[in-house]
Amino acid sequence: MKVSDLLNNGFEEITLPDGDREINGVYIGDLLSWVMGRAQQDNAWITIMSNINVIAVATLADTACVILAENVELPDDIKAQAEIKDVNVLKSSLPIYETAVRLHELLP
Amino acid sequence: MKELSLNILDITENSVKAGASLTSIIIDEENNVLKLTIQDNGSGMSEEILKGVTDPFYTTRTTRKVGMGLPLLKLAAEQTGGSMTVESVSIVDDPLSHGTKVEAMFYQDSIDATPLGDVVSTICTLIQGHPDTDFYFRHRILNQDKDILVEMDTRQIREVLDGVPLNEYEVIKWIEEYLNEQYAGPDDTEQDVT
């Protein structure tokens, strides 16, 4: 399933510079150094953190996208960095667990 | 990082990589405030590079585009309501007196505060990995119940050892015990007997 397929399925675009990326799993976490070593390539990463380091960790772990749960907003300057670094960012109005359940229903 | 001691390890490795012959790690805990200072006499940074060090997309590493050491320490400090600053004098600008100083302040009673973790093991890991560079370590804990000062200087230990490498197993073991004893404080039970 592509990152862009999440739109209209309860997920909203913040920025999608590389929307054609395939998602092959999900990782959840807010402690960035922990996520850095554990999120797998092509995972959708669900978090409530929204600072610039999130974009850096997404680059390092090469995740398919970042999903900000609970309608967490991404500041404009960080959104601009995400675009430059080709990091897809979406948001969900649901809490983390429900966001993960929704992804589970959608992923093949 | 789950523990600040891992941040300390990460930042100090940068000092060693910058060619520091001496790196000081100073932790000052007074009531709910923890101040961490890591100061080295390494090659330092130019003003331009210094501006970018807390940006995770800046790094001196060539193997990857992202450097997370200082950005994560800054985040850890700011999450508690504290702050982090970095000062540096480049060897190019001052060949005699150069180096970098990282200072971070944490409010330990913040719900998002990271525990300090195992500093003794961090210090031992540093000495083991870099037996030819010197480390000065000082940790003061001052609050209602405690007044502890832990201190160690590899320059002094080196003098006593007279040529024995600092990364010998027995030396590292001794340093570990030496630090742990200082944390434990004076032995009260022995005083009761006399």
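Helices (H or I, at least four residues) and strands (E, at least two) are taken here as DSSP runs, numbered from the N terminus. On that basis, chain A comes out with four helices and five strands. This is a predicted model, so to speak plainly about the ground rules: local features need pLDDT of at least 70, side-chain atom pairs count only at pLDDT 80 or more, and totals for chains, interfaces and linings use all residues. Residues are numbered from 1 along each chain as its sequence is written, while chains are lettered from A and ligands numbered from 1 in the order in which they are written.

**Overall build of chain A**
- Walk along the sequence and you get β-β-α-β-α-β-α-β-α.
- The radius of gyration (over C-alpha atoms) is 12 Å, close to the 13 Å from the globule rule (2.2 Å times the number of residues to the power 0.38) for 108 residues, so chain A is as compact as a globular protein of that length.
- The C-alpha trace spans about 30 × 25 × 25 Å along its principal axes.
- Of the 108 residues, 39% are buried (20 or more other C-beta atoms within 10 Å of the residue's own, with C-beta atoms placed from the backbone).

**The sheet**
- Five strands of chain A make an open sheet with mixed pairing, in the order β1-β5-β4-β3-β2; two strands pair if DSSP finds at least two bridges between them.
- At the edges sit β1 (11-15) and β2 (26-28) of chain A, each pairing on one side only.
- β1(A) runs antiparallel to β5 (residues 89-92) of chain A, and four bridges join them.
- In that pair, A:Thr15 stands opposite A:Val89 of β5(A).

**Helix α2 of chain A**
- Buried residues in α2(A) are A:Asn53, A:Val54, A:Ile55, A:Ala56, A:Val57 and A:Ala58.
- These pack against α1, β3 (44-47), β4 (65-68) and α3 (76-84) of chain A, plus α3 (69-79) of chain B; contact means C-beta atoms, placed from the backbone, within 7 Å.

**Where chain A meets chain B**
- The contact draws 11 residues from chain A and 10 residues from chain B.
- On the chain A side, α1 (32-38) and α2 (52-61) each supply at least two residues.
- α2(A) gives the most to that side, with five residues.
- By class, the chain A side has seven nonpolar, four polar and no charged residues; Ala, Val, Leu, Ile, Met, Phe, Trp, Tyr, Cys and Pro count as nonpolar, Asp, Glu, Lys and Arg as charged, and the others, Gly among them, as polar.

Terms used: Buried ≥ 20, exposed ≤ 12 C-beta atoms within 10 Å, placed from the backbone. Contact = placed C-beta atoms within 7 Å.
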